Amino acid sequence: MSSQLTLTTTVKLPSSHDMQVLGYGVYQTPADVCESVVLHALNTGYRHIDSARVYRNEKPCADAMRASGLKREDIFFTSKIGPRDMGYDKAKKAIEASFAETGLDYADLFLIHAPYGGKTARCGTWQALVEAQKAGRIRSIGISNYGVHHLQELKEFIETSEVGGKIDVGQWELHPWLPRHDIVKWARENNVVVQAWSPLVRAERAHEAVLQEIGAKHGKTWAQVLIRWSLQQGFVPLPKSVTPKRIEDNADVFDFELDTEDMKRLDFPDSYAPCSWDPTVSRD
Ligand SMILES: NC(=O)c1ccc[n+]([C@@H]2O[C@H](COP(=O)([O-])OP(=O)(O)OC[C@H]3O[C@@H](n4cnc5c(N)ncnc54)[C@H](OP(=O)(O)O)[C@@H]3O)[C@@H](O)[C@H]2O)c1
C-alpha cells in the first residue's frame, strides 16, 4: 500500500473527515519565522500542519494558511489544549482563545496535549472538545501522550457518560527506538488513527549505521528512511524543520519503499528510548 502513497494521500478519520498522511510539525519553531516556514511547507505540497497552544505559533500558522492562497478545506490544521488548560472551564477558554488568535472559522483537529491533571480534569477537557466538535468549531478530536491506562479511562468515560465522542486521533512519540507496541495495539483495536511525533528522533540518531546503510541502499537520507518507516507502520509522521531544503527533502519520500529486510533491521521491539517528555507513564 505504501508505494501508492503521495503527499496528498489522506486517511479517513472516525469523524468521517480526511487527514493527510504526512504532517508538518512546528514545535520549537519561533513565532517570527513560523509564517514563512509554514508557507514554504505549503508551497512544497504539505497540507497538514501540527501546532499547539503551548508552541505559541498558532497565529503565524494561520497567517501562512491564508497567505498560501489555498482553500481552507484543502489544509488540515491541528492544535492542542496544553497541560495548564486542563479541566472543562479552562479547556473551553483555551479553545476560544485559539480561535480568537488564529482567526480561523474551524480547526481540523484538537488534541489533549498530555494526560495531566487527574481524571476529572481529563474528562472535563474531553467534554469541552466534544461540545466544540458538536458546535462545528472542531472537526475531529483526540488525545496525545496517553498511556494505555489513560486510554482505557477515557474509553470507559465515553461509554458510560452522556458526553460521548470518538477518539479520532492519538499522537505519540514513535520511531524505531520507541515503537510503543502496547499503545499502538490499543489504538488499532479502537479505531484510533496514530500520529508520530519526533519521527526523526530530533536528529539524534542521524549517525546510526543502520540508517546510513539503508539510506545508501535507496539513495535516500537517514531522515527520509525514518519518515518512510513511520508511513509504512501506518503512522502519520509529523517531521519538523525550519530549514527550507530539509522541509523539501522530508516530503520527498514517496518514490521509494523500505523492503521487508529494511523494516526488519529497524525492528527493535524491546527498545524504549524517548527523546523527550513521556507523559504516557504519568499515574496521577
Ligand atoms: N504531542 C507532543 O507532545 C509533541 C511533542 C513533540 C513534538 N510534537 C510534534 O511533532 C513534531 C516533530 O517532532 P520534533 O519537532 O520533536 O522532532 P523531529 O521532527 O523528530 O526532529 C526535528 C529536528 O530534526 C531536524 N531535522 C529535520 N529534518 C531534518 C533533515 N532532513 N536532516 C537533518 N536534520 C533534520 C530539525 O532541525 P531544523 O528545524 O533546524 O531544520 C530539528 O532539529 C513537532 O514539531 C510537533 O508538531 C508533538
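Reply: A polar contact here is a pair of N or O atoms within 3.5 Å. By that cut-off, a nitrogen atom of the ligand sits 3.4 Å from an N or O atom in the side chain of Y55. N250 also faces a ligand nitrogen atom, with a polar side-chain atom 3.0 Å away. Of the 910 Å² of accessible area that the ligand has on its own (Shrake-Rupley method, 1.4 Å probe), the protein covers 88%.

Now the wider surroundings. There are 28 residues around the ligand, each with a heavy atom within 4 Å of it. D50, S198, R202, S241 and T243 come nearest.

A word on the source. This is a predicted model, where local features need pLDDT of at least 70, side-chain atom pairs count only at pLDDT 80 or more, and totals for chains, interfaces and linings use all residues. Residues are numbered from 1 along each chain as its sequence is written, and side-chain values use heavy atoms, with hydrogens and water left out.

Technical notes
Polar contact = N/O pair within 3.5 Å; in protein donor to acceptor, adjacent residues only side chain to side chain.
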